Amino acid sequence: MRFLPARLLLLLPLMLTLPASAEHHGGGGGKHYEAIEVSEDLYMLIGRGGFLSGNLGMSVGEDAVVLIDGGMPPSLELLNKAITQITPEAPDFLINTHIHGDHIGNNTVFAESGAHIVSHHTLRSRLLEQGLNDQPADPASLPVITFAEEMMFHLNGAPARIIHTPAAHTDGDAMVAFPKVNVVFAGDLFFHGLFPFIDLDNGGSVDGFIAAQEQILAMVNDDTKIVPGHGELASATDLKRDLTMLKDARALVAGLIAADHDIDAILAANPLAKYHDDYNWGFITTERMTRTIYRDITGM
Ligand SMILES: [Zn+2]
């Protein structure tokens with residue numbers, strides 16, 4: 001059993017200076033992570049009061065503390081506060097769902113406090129080759145256990161399937177399914193109620209993203225709790241709705257491309273206008289979603 005290292009504990013007094021009211025009323029502007037227990041000793045951690053990072057998962061039990069994604073550096077103190085409210089032990093494993101900094105930005109910190117980092121092969125090779133956020137990758141941030149298609153964790157009484165889906169959000173994606181307790185951590189294969197970021201520059205593709213969501217839907221039922229990479233805890237119905245939107249969005253843009261429209265004409269036609277109110281957000285606007293689909297189809 002290991003405990004959080006002194007350097008993290010030193011941060012605790014800082015965190016505790018947050019006003020208690022802000023902590024208890026997330027809408028009041030106090031940033032914090034809310035821990036939602038999706039099954040016994042299995043948590044979704046979601047940022048409140050502003051953007052903190054992608055959603056995280058955590059399994060706690062007799063065998064190990066397993067983190068699914070580790071957030072990003074500016075929110076590390078808030079994340080450690082949420083973790084220490086659940087367990088005094090430092091994570092033993094940190095699963096990286098994909099290469100983006102808002103999910104794996106704290107790899108080094110967790111590795112140095114004893115976590116073994118796990119990812120798809122491609123995430124590790126990309127991290128080595130291209131670094132993260134334009135910086136060379138810290139050697140400590142590199143995954144030490146990697147896999148190709150699927151691997152299993154047999155811990156805490158709830159086996160976990162870690163499953164790769166090819167060329168979807170990136171080309172190194174992993175989702176984590178806990179079949180026994182009917183929970184799936186989708187990582188950024190699911191942006192609940194938001195236009196999804198499909199990272200073409202890191203090997204993602206629209207068709208692969210659609211296939212990944214279909215793969216998740218094939219594994220779940222009406223009672224499954226699906227933890228998206230961004231957005232609120234979701235159900236299969238929620239995922240179906242977003243998948244239906246994306247398929248339609250792709251078809252609408254593809255139809256205009258087939259009719260010889262260039263990107264300017266397509267943006268002017270605004271084929272995704274009907275989805276704007278429900279799915280547009282700061283990072284992936286309706287225009288950016290349209291551009292992503294266009295580039296994915298045409299290569300331009
Ligand atoms: Zn991402």
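**A helix pair and the sheet**

Mentor: The model is predicted: local features need pLDDT of at least 70, side-chain atom pairs count only at pLDDT 80 or more, and totals for chains, interfaces and linings use all residues. Residues are numbered from 1 along each chain as its sequence is written. Axes are lines fitted to C-alpha atoms, for helices over the stretch in contact, with angles from 0 to 180 degrees between N-to-C directions. Helices (H or I, at least four residues) and strands (E, at least two) are DSSP runs, numbered from the N terminus.

In the contact (C-beta atoms, placed from the backbone, within 7 Å), V206, I210, Q213, I216 and L217 of α8 meet A236, L239, K240, L243, L246, K247 and R250 of α9. By class, this contact has 8 nonpolar, 1 polar and 3 charged residues.

Turning to the sheet, 7 strands form an open arrangement in the order β1-β2-β3-β4-β5-β6-β7, with mixed pairing (two strands pair if DSSP finds at least two bridges between them). Because β1 (32-39) and β7 (145-147) stand at the edges with a single partner strand each, one side of each is left without a neighbour in the sheet. Between β5 (residues 93-95) and β6 (residues 116-120), which run parallel, there are 3 bridges; L94 has I117 in β6 as its bridge partner. Helix α7 (residues 121-130) lies across β6 and β7, at about 105 degrees to β6.

Technical notes:
Two residues are in contact if their C-beta atoms, placed from the backbone, lie within 7 Å. Ala, Val, Leu, Ile, Met, Phe, Trp, Tyr, Cys and Pro count as nonpolar, Asp, Glu, Lys and Arg as charged, and the others, Gly among them, as polar.
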